[in-house]
Amino acid sequence: MNGVIFEHVCKSYGENMVVKDLNLSVKKGERLVLLGPSGCGKTTTLRMIAGLETITGGTLKMGGQVVNTIAPGARNVAMVFQNYALYPHMSVWENITFGLSIQNVPKDEIKARTEKALEILNLAGLEQRKPNELSGGQKQRVALGRALVKQAPYFLLDEPLSNLDAQLRLQARTELVKIHDLFQPTLVYVTHDQVEAMTVGHRIAIMNQGMLQQLDTPDIIYNHPATTFVASFIGSPPMNLLQGHFREGALWIAGSRIDPPAEWQAIFAQHPHNWVGIRPEHCVLSDKPQLRGEVELVEHLGGNRCVHVRLNNDRQRVLCLIPGGETIPTGTIGLSFSWQHVNGFDGPNGVNIGHPDKVAYWRAG
Amino acid sequence: MRTDHGRNWHWHTLLWLTVLVQLWPLVFMISTSFKTMDQVFQSTLNPLPYPPVLDNYRYVLESLPLLKYIWNTLFIASGVTIAKVATSILAGFAFVYYEFPHKEKIFNAFLFTFFIPITVVIMPNYLLVAKLGLINTPWGVMLPQLADGMGIFLMRQTMRTIPRPLLEAARLENAAPWTVLTRIIIPLIKPSVIAISIVFFINSWNEYFWPLLVLSDKPAYTLPLALQMFISAEGGSAWGVAMAVATLTSLPPLLLYLVCQRFIINTFMQSGVKG
């Protein structure tokens, strides 16, 4: 049982509480991504697992043991730091073997593990180089190598790809997933990049202002965000959140009357003030529109175009993705969407009110 | 542009004048060491002795136990340097990486020692050394100089520039504090350690007042003390010989400084460690 369990964990610096009542469990061998905007507490959470931050309240368990007061060195975790933290005065070989050498691992064993890591990470031939003679990608791989040779059951990564360019990042995250599959440690990965989170994580924990917003698989998070924050944070372009009012058996958005299906009517009746969430790719140009608005801007996104539409009689804006080959719309246009893809959120607290069976559907899928 | 040129020109003249004023005693010392006694009094301020003579150096090397004095000075300067560097590094390490009660107050107390003039502490130090029976021994000279406020301050400042993740990575490997210090911190701050070592060494090499009080027997003298034998009531005014000894005394620190100039300047300009 090598999982990590947070039970009501809090962390504060003086008056400032940066992690609030965190309940989170990472399964053994899982890749869990902590995702959120800057300052949301994700790195602090990771550092609490490493033991580099003390815990103000609650219990942290690793491998079934409470580790609140266990020193970082005794937790058997391997960590890759954001700036790699390679020792500038040591060669690649020395950097990778430093930890093993001070733990008195036999020399043959050190050599075997390091050579294997160098081979996996494609670093053979660079053993004698100093970190300042390496490119960003190579440094990142050395940092990964240093963590790999430790063969620790817990692998912690703090934005390990943030210093790489876009192309290298894509390559590195694929390698990372392969390496994880090879050794299968319990991996906790911090990032603010949603694409990275989606591609690396078995599950994603989304945090905001020190609180866990949602913990689920990438599919469910994308298709069924728990809150308006998650809905607007995940996806690029983000989900459209339209202010809706339910009255007289119909939903009113920007002065337009929309008739929802019966199951939605029952939900909206309980939440008359609400937000209607529709992903831009589920908004289509239509002759029988549910919404009407003026085209404000068209962005080219390579294969697609993102049309910014300002709704009539309102200041709300809707984003709509259309295939690149289609005629670029101008002037007033009509938009429609399928109720199958809609997420409803409660107006005052922003919590998802959509039908629960949808989650079951996504889980099954 | 014109104004800039004008301003630079003035600054340069001023700087050159300052350099000349600073260098003059050195030039005077070296030129006098190559003069006969007659030349010393006839052309006192002439920086170019004619003809230059090596009599003074010959006299110094033949009639003085110069090697003994050099050994005495080297022994004390090395001992003081090693002790000060060791205590500065250890104290700096504790101040940067450990949390203990009254940390800031203790650190400020160390800083405060900068501002205490040596004359204030000389009496108690002398009494202490005398009580321990260390008068007239190199240990007596070294004992009150085993730690240095400025060294602690400089080591602390330098260690603070080491990126924290480097040390956190070591903590995750369960590295003992001694391993962290010797295998990570010291290699990273090596230039600064070399720089303060040189400063400590030169200061100790040139020290006059404290050894003068502690060392009274001639065989125990250090070079600066040997120097005074030629310009005191005891030795008369053998200026040429005195300047030859002075030149020989200042040569090692000068060479040391020239070789390691880069480290010293970097340390005082506060260089950082790149992660």
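**Where the domains touch**

Let's start with chain B. Here 8 residues of domain 1 of chain B are in contact with 8 residues of domain 2 of chain B. In contact means that the C-beta atoms, placed from the backbone, lie within 7 Å.

A word on the source. This is a predicted model, where local features need pLDDT of at least 70, side-chain atom pairs count only at pLDDT 80 or more, and totals for chains, interfaces and linings use all residues. Residues are numbered from 1 along each chain as its sequence is written, while chains are lettered from A and ligands numbered from 1 in the order in which they are written.

Back to chain B. Domain 1 covers 1–52 and domain 2 covers 54–268; such bounds come from an automatic or database domain assignment. Their C-alpha centres are 30 Å apart. On the domain 1 side that touches domain 2, α1(B) gives the most, with 4 residues. Helices here are DSSP runs (H or I, at least four residues), strands likewise (E, at least two), numbered from the N terminus.

Now chain A. Its assignment gives domain 1 as 4–223 and domain 2 as 228–364. Between their C-alpha centres lie 37 Å. How many residues of domain 1 of chain A are in contact with domain 2 of chain A? The count is 10, against 9 residues of domain 2. Two or more residues on that domain 1 side come from each of β9 (203–208), β10 (211–216) and α7 (218–223) of chain A. The largest share, 5 residues, is from α7(A).

Note on methods
Two residues are in contact if their C-beta atoms, placed from the backbone, lie within 7 Å.
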